[in-house]
Amino acid sequence: MTNLEKLKQKLAEWENELVLPLLKKVPERKKIFSTEEGLEVKRVYTPVDLGEWDYLEKLGFPGAYPFTRGIYPTMYRGRPWTIRQYAGYGSAEDTNERYRYLLSIGQTGLSMAFDLPTQLGYDPDHPLAWYEVGKVGVSVPAITEMDIVFKDIPMDKITTSMTINATAIEILSMYVAVAESRGIPKAVLDGTTQNDILKEYIARNNYIYPPEPSMRYSVDLILYTVKEMPKWNPISISGYHMEEAGATPAMEIAFTFADAVEYIRWVKERGKVDVDAFAPKLTFFFAARTNLFEQVAKFRAARRMWAKLMKDWFSAKDQRSMILRFHTQTAGVLLTAQQPMVNIIRTTLQALAAVLGGTQSLHVNSYDEALSLPTEESVKLSIRVQQVLLYESGVADTIDPMGGSYYVEWLTDQIEERAWKYLEEIERMGGMLRAIKLGYPQREIARAAYEWQIKVEKNEIPIIGVNMFTEPEVPKVKILKVDPVSRERVVSRLRKLRESRDQVKVRAAIDNVRKAAEKEDVNIFVPIYEAVKAGATIGEISGALREVWGEWRAPEIF
Amino acid sequence: MSQEKPARKKVLVAKLGLDGHDRGAKVITMALRDAGFRVVYLGVHQSPEDLVRVALEEDVEAIGVSILSGSHEELVSDLLRIAKEKGVKVPVIVGGIIPPEDVPKLKEIGVYEVLPPGTPLSKVVEVFKRALGEGE
């Protein structure tokens, strides 16, 4: 009898002799326990659940294929994750002040939040934009604002991540131009542009143009940085927003990788470049939910799957093309407006999942974010959560401490298997771009969101303060309100810029953007950069591109 | 065989402003449909003018708007003003990230009900029914 057979026999004995008699007397809390993915959770996990599981094939070692345990040989022992809180509101002055505050209390990287007009290519005085100026991020309609945002911040030393997609080239151009004006060459700039338009169509909805010209725009940014900005991460392919919209863990990974596959094919085709010439620059962004073990398994499964995908589908040779570098944000949808302080406990567990999952950088949501943008006090606690994890808890002292847990390894295998099925399904549809036009990921995610809500409604998913241990009143917490003066400040400065700049030069530069957009074989980056430098606004540049490319209307999904 | 059923009530659900967070609006659309409403779902990036125009064209009996960007005060106030100008007299229900202190202000300017985060779907359906005079 093999060891496994012996174990199976002993397990059966345990169930018959110890478990069943007890169940007759004391039944368990629920008939079926299951994960958020819908996997049924057993009473206990043993080597029986892993079967012929091969350590070297499934895990290997940190920094080596298939990277399940981590992408670097020493992980957090060598370099801690970057503490990177997504921030920005009001005018450039408000945001500069917030950034300097965050850095002063121990933040180690910046993450820029832009307001909706900036993300959608409208100047702040556009009628649709006016309501939203400075509300969910900083208003940056022109290079003058970017300069103020980075006042007294060392752009050559700090890494800056920018959540910018449909207007990513305009914004990166401003960043580069401001750095250059301070004598910092673009080649030393380090940071990330999200530049992931596909997930905008799927979940986040900050798109402007139809998918094909948008893909060209995104790919042109990638190709520009391949040549000119060796340290820049030109794209952060994001599952986070899909999770926020309702995606299950397997959907989150699979849809993100399906997006990645689409980008890789486009870059190879448009740039006539080898996969290893740009794949090391691809980065990712995922969510961390409260369901600890499944989330850790999700990150581990994603790492292994990406390595296989790059090796088997794209014949990558460079190990750096196979490593999944990712940022994590705790799941905003799990914050509650009720008993908001409880959110600190939730986000601590979520942050723990991200760290046990081997993230490269982390944003922890603040307890007041189901009510408004975070205050200085609440964001300080988010940074402190990260610092307690890093310095006090010991979880960063050894690599992948959950590795070898029968349960977590079983979950990792299950999530990966489900994610591959989704990915193959999208391949059969002809890739993600086509799937998006068919409304497939949008529909799957909306369905999952509705199913989740029905379960909350039936109390099958407990949420403290919402359907359990409720209290009659939402307690008053101090919240951040954007001062309307900020909007006036941005608009008056913009009007001054429009009057003072060299109009002939600006008009010619915008004309060049339009012409470049009309041609298929030109990289759009440099014409946009020149326009930005001449003082053209985001609304003017996007306006020219809208004229050539048109706007996207989402397909009806129900 | 045809049985006379009362006409199903028609409502409009939309994302007002530039905010793209549409999970709530979609879930509520599905819940209202399951509760027997006909829902015109307008999707994201809608201006107050768009909403009023569609409300007139589709002859809806209530408007549900979802805003998570913090711009609710000005957007909703303009929506109500334009609706009044165009003679659209249906109840307006607002959901999203609305801080508790803003709820009385919104109701004062004429919002029928505010549904903050964590509102159960049963409550959402009940509010729409009550707004249409079907409440218990």
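The tour goes from the chain contact to the domains, then to a sheet and a helix.

Before you click anything: this is a predicted model, where local features need pLDDT of at least 70 and side-chain atom pairs count only at pLDDT 80 or more, while totals for chains, interfaces and linings use all residues. Residues are numbered from 1 along each chain as its sequence is written, and chains are lettered from A and ligands numbered from 1 in the order in which they are written.

**Stop 1: where the chains meet.** Colour by chain and select the contact, which takes 31 residues from chain A and 26 residues from chain B. Contact here means C-beta atoms, placed from the backbone, within 7 Å. On the chain B side, pick out α1 (23-34), β2 (38-46), α3 (72-85) and α5 (121-131), the elements that give two or more residues each. The largest share, four residues, comes from α1(B). Helices (H or I, at least four residues) and strands (E, at least two) are DSSP runs, numbered from the N terminus.

**Stop 2: two domains in chain A.** Now select 3-50 and 55-457 of chain A, which are domain 1 and domain 2; the bounds come from an automatic or database domain assignment. Their centres, taken over C-alpha atoms, are separated by 37 Å. Domain 1 of chain A puts nine residues into the contact, and domain 2 of chain A puts in 13 residues.

**Stop 3: the sheet.** Show the strands of chain A and follow the order β1-β10-β9-β8-β7: five strands in an open sheet, with parallel pairing. Two strands pair if DSSP finds at least two bridges between them. The edges are β1 and β7 (235-238) of chain A, each pairing on one side only. Zoom in on β1(A) and β10(A), which pair over two bridges; A:Ile83 stands opposite A:Leu362 in β10(A).

**Stop 4: helix α16 of chain A.** Select residues 376-392 of chain A, the 17 residues of α16. Which residues of α16(A) are buried? Show A:Ser378, A:Val379, A:Ser382, A:Val385, A:Gln386 and A:Leu389. Buried means 20 or more other C-beta atoms within 10 Å of a residue's own, exposed means 12 or fewer, and partly exposed is in between, with C-beta atoms placed from the backbone. Look down the axis of α16(A): the buried residues fall within an arc of 110°, so they line one face. That arc uses the directions from the helix axis to the C-beta atoms. These buried residues pack against β1 (82-83), α5 (92-104), α15 (342-356) and β10 (361-363) of chain A.

Technical notes:
Two residues are in contact if their C-beta atoms, placed from the backbone, lie within 7 Å. The expected span of a helix is 1.5 Å times one less than its number of residues.
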